[in-house]
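Subject: Handover of a structure and notes on its contacts

Dear colleague,

I am passing on to you the structure shown below. My notes on it follow, arranged by topic.

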Amino acid sequence: MSIVVTGATGHLGRLVVESLLTAGVPADGIAAGARNEEKAAGLAARGVEVRVADYDRPETLAEAFRAGDRVLLISASDPGRRIPQHSAVIDAARAAGVAQLAYTGVLGGPEADFDLATDHKETERLILGSGLPFTFLRNGFYTEVYTENLAPVLEHGAVVANAGEGRIGTAARADYAAAAAAVLTGEGHLNTAYELSGDTAWSFAEYAAELSRQTGRTIRYDNVPGEVRLGILTGVGLPEALAAILVDVDHAVERGRLAGGTGDLARLIGRPTTPLAESVAEALKA
């Protein structure tokens, strides 16, 4: 039996593997699923087994899982393509007879009412229909979504959003990775859904204030209408479909749909989640 992490060479996947190793899982008890072995060479050098697992090539997935494996399905990155990709993973996991299929979905699960959640809700439905023992990790947003691209914010002195005074309960990727490791190594997590978010939700006005405090500059919050932000996003080259999803997410923030607050994440990882101020400081040092 191995713990299999799909998408193991991505931002979250690498952190999950690191969390598993830190938790004491032997390297040879971890299998890193990757589109090709070359991308996972660094993990292989540390003794982690590498299994080719390409969401777009079901024939690779048939060889990626073994009976009794505990599997983490990290959601694919392209909205609109996820369902056939996730379906292929679920089918392969069921055929192999895995002992657990954990899935990184979205905060709110079936109650989420924003466009980005559509694929995640359908994936959960497919997993339930498969009959596999499951764990749903309904992740809130990563703080890094906001802090990893600060250049335009600092250049223009403004955080631009269409979220009004809404609050969003983000946490660091490492927090979510630690939660995934916890449910893959612990007991009592089967057939359970966790609503995962940061301990303290923040508003974009507070985010701008934190950036101001740490940079010593005045960073304002520009709350703009959705159609204006759509134009801004497409104007800098984002495809309209992706820009529309981002605008819709901010509307969800305004409605309070991404504030979280269950405390599930902190309980799973056994510590407070990473504060916004700490993530901002890390980003500014980069």
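A residue counts as exposed when its relative accessible area is over 50%, as buried when that area is under 20%, and as partly exposed in between. Glu155 has a relative accessibility of 62%, and therefore counts as exposed. Please bear in mind that this is a predicted model.

Glu155 belongs to helix H7, which covers residues 151–156. Between Glu155 and Arg173 there are 18 residues in sequence, and their C-alpha atoms are 25 Å apart in space.

Salt bridges

The count of salt bridges comes to 21.

One of the salt bridges joins the side chains of Asp56 and Arg81, with an N to O distance of 2.9 Å. Asp56 sits in the loop between strand E3 (49–52) and helix H3 (58–61), while Arg81 sits in the loop between strand E4 (70–73) and helix H4 (82–96), so this pair ties together parts that are 25 residues apart in sequence. Both partners fall into the middle class of accessibility: Asp56 is partly exposed, with a relative accessible area of 45%, and Arg81 is partly exposed at 38%.

Arg70 and Glu187 also meet through their side chains in a salt bridge, at 3.2 Å from N to O. Since Arg70 lies in strand E4 and Glu187 in the loop between helix H8 (173–185) and strand E9 (192–196), the pair ties together parts that are 117 residues apart in sequence. Arg70 is buried, at 16% relative accessibility, whereas Glu187 is exposed, with a relative accessible area of 64%.

A further salt bridge links Lys285 with Glu282, whose closest N and O atoms are 3.2 Å apart. Here both residues lie in helix H13 (residues 276–285), three residues apart, which is about one turn of the helix. Lys285 is exposed at 64% relative accessibility, and Glu282 is partly exposed at 46%.

Aromatic pairs

Aromatic pairs number eight. In one of them, Tyr142 and Tyr176 are arranged edge-to-face, with 5.4 Å from centre to centre and 65° between the planes. This pair links distant parts of the chain: Tyr142 is in the loop between strand E6 (134–139) and helix H6 (144–147), and Tyr176 is in helix H8, 34 residues apart. Tyr142 and Tyr176 are both buried.

Phe204 and Tyr221 form a stacked pair, with their centres 6.0 Å apart and 25° between the planes. Phe204 lies in helix H9 (residues 204–215) and Tyr221 in strand E11 (residues 220–223), so to speak of this pair is again to speak of a link between distant parts of the chain, 17 residues apart. Phe204 is buried, at 3% relative accessibility.

Which residues form one aromatic cluster? They are Tyr146, Trp202, Phe204, Tyr207 and Tyr221. Of these, Trp202 is found in strand E10 (residues 202–203) and is buried, with a relative accessible area of 4%. Leaving aside residues up to four places away in sequence, Trp202 touches Tyr146, Gly166, Arg167, Ile168, Thr170, Tyr207 and Leu276. Trp202 and Ala259 are 57 residues apart in sequence, and their C-alpha atoms are 8.0 Å apart in space.

Helix packing

Two packed helices are described by the angle between their axes and the distance between the axes. For helix H10 (residues 226–235) and helix H11 (residues 240–254), the axes come within 9 Å and cross at roughly 140°. The crossing of H10 and H11 is right-handed. On the H10 side the contact is made by Gly226, Arg229, Leu230, Leu233 and Thr234, and on the H11 side by Glu240, Ala243, Ala244, Leu246, Val247, Asp250 and His251.

With kind regards

Methods
Residues numbered from 1 in each chain as written. Predicted model: local features only at pLDDT ≥ 70, side-chain atom pairs only at ≥ 80, totals over all residues. Heavy atoms only, no water. Axes fitted to C-alpha atoms, helices over the stretch in contact; angles between N-to-C directions. Helix = DSSP H or I, 4+ residues; strand = E, 2+ residues; numbered from the N terminus. Left-handed = near helix turned anticlockwise from the far one by under 90°. Contact = heavy atoms within 4.5 Å. Salt bridge = Lys/Arg side-chain N within 4 Å of Asp/Glu carboxyl O. Buried < 20%, exposed > 50% of the residue type's maximum accessible area, 1.4 Å probe, protein only. Phe/Tyr/Trp six-rings, centres within 6.5 Å; stacked < 30°, edge-to-face > 60°.
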